[in-house]
Amino acid sequence: MAQYALLILPSANRVYANASVALTQAELGLFSRSVLDDRLGEVSASTIGGVPYVTFAADLTGRDAAFLANLSCAYALFRVEGDLLRPVVLGSLGRFDDDLLTILKYQGKTNEQFTRLLLNVTLLSSAYARDMLDRKFAVIDPLCGRGTTLNQALMLGFDAAGLDVDRKDFEAYSAFIQTWLKRKRIKHHVDFSGPVRRNRQVVARRLQISLAATKEAQKAGPIQQLDVVNADTTRAGEFFAPESYDLVSRGARLTCWLRPSRCGPGCCAAAARSESPGTPSSRPATRPRRSSPARALTRWTPAPTWRSGTAWTRRSAGTS
Ligand SMILES: C[S@@+](CC[C@H](N)C(=O)[O-])C[C@H]1O[C@@H](n2cnc3c(N)ncnc32)[C@H](O)[C@@H]1O
């Protein structure tokens, strides 16, 4: 069996220090179980030429390498041949420049590689893991903040939707994404931007954009949809059709631990506090959307209060 050495993104090392190697080992294990028929063996931390790598044994096909290109911390993959490292071509799903994820900086930002790790864990834990390279999933982040998860979803070519109660976060993200799309000259159309009114009252603010990474993608379709709402997430049912998303991001734990001052009645605090220590922050992904007008299969209507980790969906919940 061939030996491989995975070089981890240097930025991941800075943020997570020693944890990045262990996280990558765990993520490799998940890729192996979910899409590689358990064919990765001897996953371990190694040092080659004074540089830390994660090494493993496998006989990788081109499609296997395409899956592994989506590891959240993958920088480069080599096949070990004696003393030499032969590069393996990695074609990631990422379809936009990385600065979509890195430009926007603010206090409390969830690390973009960690966000990607959670998105991967969600997708790979679902029954649809093997569709990762081929399918346009739809991701919703009910606490989307300034959009790290939304941007990760867009990077992967998925549809992205989110809600956030904080108007500053909503406006910062709206301004950022529209400026970024213009500056990068990415084909897009703002389908809606502004206050949502009912009975002459402003009940929310919303931004809806259709976009395509390239002209070819635009022609070939389907284009990607971004839909962000500034409202309390418990009102999600007013804005998004039930069963219309495949993967649900659940940042409640992070929200609660990182920014407790933001939590209030009906907010994530209740959910996060009632979870027992050690409750995994990731849950299996949901069933993918139907292509019919009825759209998706997964119910994700939020419960009125977030009393437990299961409050998010009635059937199954995805998490990132
Ligand atoms: C840590 S941030 C989320 C980061 C985000 N998931 C990402 O990927 O960038 C948590 C966000 O939850 C929002 N939030 C807290 N309670 C909320 C609620 N009840 N409805 C909507 N948003 C809420 C906060 O305003 C905050 O922006």
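**Figure 1. Overview of the predicted model.** Among contacts in the protein between residues at least 6 apart in sequence, 66% join residues at least 24 apart, where two residues are in contact if their C-beta atoms, placed from the backbone, lie within 7 Å. The model is predicted: local features need pLDDT of at least 70 and side-chain atom pairs count only at pLDDT 80 or more, while totals for chains, interfaces and linings use all residues. Residue numbers start from 1 along each chain as its sequence is written. The secondary structure comes to 11 helices and 11 strands; helices (H or I, at least four residues) and strands (E, at least two) are DSSP runs, numbered from the N terminus. Of the 320 residues of the protein, 38% count as buried. A residue is buried if 20 or more other C-beta atoms lie within 10 Å of its own, exposed if 12 or fewer, and partly exposed in between, with C-beta atoms placed from the backbone.

Figure 2. The 17 residues of α7 (residues 167–183) should span 24 Å at 1.5 Å a residue, in agreement with end C-alpha atoms that are 24 Å apart; the expected span is 1.5 Å times one less than the number of residues. Buried in α7 are D169, F170, Y173, S174, I177 and L181. These residues lie on the same side of α7, because they cover an arc of only 130° around the axis, the arc being that of the directions from the helix axis to the C-beta atoms. R167, K168, A175, T179, K182 and R183, on the other side of α7, are exposed. The cover over the buried residues of α7 includes β7 (159–164), β8 (188–198), β9 (201–211) and β10 (224–230). R185, with a positive phi near 55°, follows α7.

**Figure 3. The pairing of helices α2 and α5.** The axes of α2 (residues 19–35) and α5 (residues 112–124) come within 10 Å and cross at roughly 25°. Axes are lines fitted to C-alpha atoms, for helices over the stretch in contact, and angles run from 0 to 180 degrees between N-to-C directions. The two helices, α2 and α5, are therefore roughly parallel to each other, the word for angles under 35 degrees. Their crossing is left-handed, that is, the near helix is turned anticlockwise from the far one by less than a right angle. The contact is made by L23, E27, L30, F31, S34 and V35 of α2, together with L117, N120, V121 and L124 of α5. Helix α5 is mostly covered, with 13 of its 13 residues buried.

Figure 4. In α6 (residues 148–155), 8 of its 8 residues are buried, among them L150, A153 and M155. Elements covering the buried residues of α6 include α4 (99–102), α5, β6 (138–141), β7 and β10. Just after α6, G157 takes a positive phi of about 85°.

**Figure 5. K136 in the loop between α5 and β6.** K136 is placed in this loop and is partly exposed, with 18 other C-beta atoms within 10 Å. Not counting residues up to four places away in sequence, K136 touches G157, F158, D159 and P222. The C-alpha atoms of K136 and D159 are separated by 7.1 Å, although these residues are 23 residues apart along the chain.

**Figure 6. The loop between β8 and β9.** Most residues other than glycine have a negative phi. N199, in this loop, has a positive phi near 50°. R200, also in the loop between β8 and β9, has a positive phi of about 65°. N199 counts as exposed, with 5 C-beta neighbours inside 10 Å; R200 is exposed, with 5 other C-beta atoms within 10 Å.

Technical notes: Angles under 35 degrees count as roughly parallel, over 145 as roughly antiparallel, 65 to 115 as roughly perpendicular and the rest as oblique.
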